[in-house]
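Hi,

Here is the structure I said I'd pass on. Have a look, and my notes follow below.

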Amino acid sequence: MDFQNRVGHKTGSGMPQTREDINQERKERLKQLALENIDITKDPYILKNNVGMFECKLCLTLHNNESSYLCHTQGKKHQINLAQRLLKEKNELMTNKSSKPPPEQKKIVKIGKPGYDVTRVRNKKNQLGILFELSFPNIKENTKPKFRFMSSFEQKIEPADKKYQYLLFAAEPYETIAFKIPNLDIDENDDFYYKWFEKKKIFVMQIHFLRNPGHFPIRNNPNILPAHMQW
């Protein structure tokens, strides 16, 4: 009988390959592939025990030599366990990130209100204005005072009054100080300016109203800034 062209026939052998021969050939191919692509010294799952055998810590299997272990790493069982381990580590990492406590907010010890001087002024257009001079001798290093205008409806200290607005000044570690001024449009041209004098630690700001507000009191309130307001 001619076995030359049968399926599984190994040329020159005169007979077809058995299942054992096919499996052995496949293992040899996987072994060569593993030897070419895997550095066994960097494999975290290989362990040589006290009797000279190699253990796979991932799959809990024993192997007589490195070649057998490398062949195992290319098998279906090891690849499935490896994928499951990577997925588990990824989930644990995401859980740890989400469970981290929020960073503690920096606590600043306030040292009181800054010194200040408020003067009514007029410019060449006869517009009424206000000159603010605030002293911050103990201001935090490498910082400058900040200011902002606040609507009467933003603050929670006094009853809201649409006739007024507030001008706030803040600088660590001082308390924020606010001045109640008429709720009129500010002329933001030449006569509107502010400047920080670093050496003297004095902040100067001048504003003018577009129309005459008439007689008005200038009052300050050091606690006008709500706790949630960010600068």
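Four strands make up an open sheet in the order 4-5-10-9, with antiparallel pairing (strands are DSSP E runs of at least two residues, numbered from the N terminus; two of them pair if DSSP finds at least two bridges between them). At the edges sit strand 4 (115-122) and strand 9 (193-197), each pairing on one side only. From one strand to the next the twist averages 10°, with axes as lines fitted to C-alpha atoms and angles running from 0 to 180 degrees between N-to-C directions. Five bridges link strand 9 to strand 10 (residues 202-208) in the antiparallel sense, and Tyr194 stands opposite Met205 in strand 10.

Bear in mind that this is a predicted model: local features need pLDDT of at least 70, side-chain atom pairs count only at pLDDT 80 or more, and totals for chains, interfaces and linings use all residues. Numbering starts from 1 along each chain as its sequence is written, and side-chain values use heavy atoms, leaving out hydrogens and water.

Now the cysteines. There are zero disulfides (a pair of cysteine sulfur atoms within 2.5 Å). Cys56 counts as buried because its relative accessibility is 1% (the cut-off is under 20% relative accessible area, with a 1.4 Å probe and protein chains only). Cys59 is buried too, at 8%.

Last one: Glu158 lies in the loop between strand 6 (146-151) and strand 7 (164-170). Glu158 counts as buried because its relative accessibility is 18%.

Cheers

Methods: Buried means under 20% relative accessible area, exposed over 50%, partly exposed in between (1.4 Å probe, protein chains only).
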